[in-house]
Every structure is written in C-alpha cells, then in structure tokens.
Amino acid sequence: MAPTVILIGFMGSGKSAVGRRLARRLGWQFIDTDSLVEDRAGRTIAQLFDSDGEDAFRKLEQEAVIKSIGGQDSGVGRVVSLGGGAVTSRTVASRLEKEPLVFFLDIDLETAYRRACGGARPLARDRAVFNRLFSEREKSYMRLARFIVDTRGKSADQLAGEINSLLSRQQRTGSA
Ligand code: S3P
C-alpha cells in the first residue's frame, strides 16, 4: 500500500500550504479535505456553515476524510491535509489512531489567529470561540499525532523539508 501522510492541526497552522509543497517534493498526490467538502457541497465552507449549519459541514467533512485516507491504492503516495476540526469526529479520530504517518503541525495561538481571522473561516470570526477551540483541541491533536512538528518561525517550504526528512528517516529505520 502506498503511504498516506496526514496533516492535522489548528486553523492557520499551514496544513494546506505545507501539504501541497510536501506532495510536490515527493511526487505524491495532494488532497485537501476542505476543498473536497466545497466541491461536494457546491458552496464555500462559509456558505455551508451559514445556510446548513456546522453539523451539516461536519458530516460532509467526515465523509471526505474517510474517503481520502482509505480509498483505492493508486500506487502513488498521498498527502492529506485535514480541516482543523476534523479530529472532533469520533469516526475520524478512531481512523487516525490506525494511521502511522499523522503529523501534527503545532502553532501558537497568536499566530494562528493572525493568519485565520478576517477570512473565510467561520470559526475564526469570534476571538473567544477561536481561543476556546484552540485549547479544547490541543489534547486531540497531541493524542493522535505520531509526529509533532513545531511550526513557529518556519516557512511552508522549511516545514515540508522537515517532514520529508522525518519520513525518510522513518522509512530507513522504521521509526522517527
Ligand atoms: C475548521 C477549520 C477549517 C475548515 C472549517 C472549520 C475548524 O479548516 O475546515 O472552517 O473547525 O477548525 P483549516 O484548518 O484548514 O482552516
């Protein structure tokens, strides 16, 4: 089975930017579950939240994640970037527990908010909500991560390089 790298972490941690660069380096497929949800819904995530609510979004997100991680083995590796809240689904969490290449992109709260606010993210509209989710989710990310990557002060290219090195080391030794 071709390897699947999964990137988890809070909004603004750079999962999509890093994932895209990592996939390019490796010549692997890149999948962003937020984009899959938007394609499936025919709307942006913000529109989906506003019209149908968060639960409707989470349902589509769960389907998108399970499909991206499982699915047919195309023979080519995959890098899958998950939306920040995907780990709150029990189904997703128990699927991730079985995955050996889950990377948590760790970010500090201030940088995360600076990057995520004022844009298309419905859960970054209210600072208090954002702060609460940040601390609530930390435990899940830590628990599910096989690798923790400190993103502070690093560019997306640097982070893709760092993950690439961790992967090479893991492939050589069977552990990081
Ligand atoms: C969310 C994170 C977003 C997106 C949605 C909800 C969350 O993805 O899935 O707005 O609950 O943390 P990013 O983490 O890619 O911003």
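**The ligand and its pocket**

The largest pocket has a lining of 32 residues, with Met-11, Asp-34, Ile-45, Gly-83 and Arg-121 nearest its centre. (A pocket here is an open set of points on a 1 Å grid over the protein atoms alone, where a 1.4 Å probe fits, with protein on both sides within 12 Å along at least five of seven lines; lining residues have an atom within 4 Å of a point.) The model is a predicted one, in which local features need pLDDT of at least 70 and side-chain atom pairs pLDDT 80 or more, while totals for chains, interfaces and linings use all residues. Residues are numbered from 1 along each chain as its sequence is written, and side-chain values use heavy atoms, with hydrogens and water left out.

Helices α1 (15–26), α2 (33–41), α3 (45–52), α4 and α6 (109–116) each put at least two residues into this lining; helices are DSSP runs (H or I) of at least four residues, numbered from the N terminus.

This is also where the ligand sits, going by the rule that more than half of its atoms lie within 2 Å of the pocket's grid points. Around the ligand there are 14 residues (a heavy atom within 4 Å), and Lys-15, Asp-34, Arg-58, Arg-121 and Arg-137 are the closest. Helix α4 (residues 54–69) is the top contributor to this shell, with three residues.

Polar contacts (N or O pairs within 3.5 Å) reach oxygen atoms of the ligand from a side-chain atom of Asp-34 at 2.7 Å, a side-chain N or O of Arg-137 at 2.6 Å and a backbone atom of Gly-84 at 2.8 Å.

Notes. A polar contact is a pair of N or O atoms within 3.5 Å; within protein, one must be able to donate a hydrogen and the other to accept it, and residues adjacent in sequence count only if both atoms are side-chain atoms.
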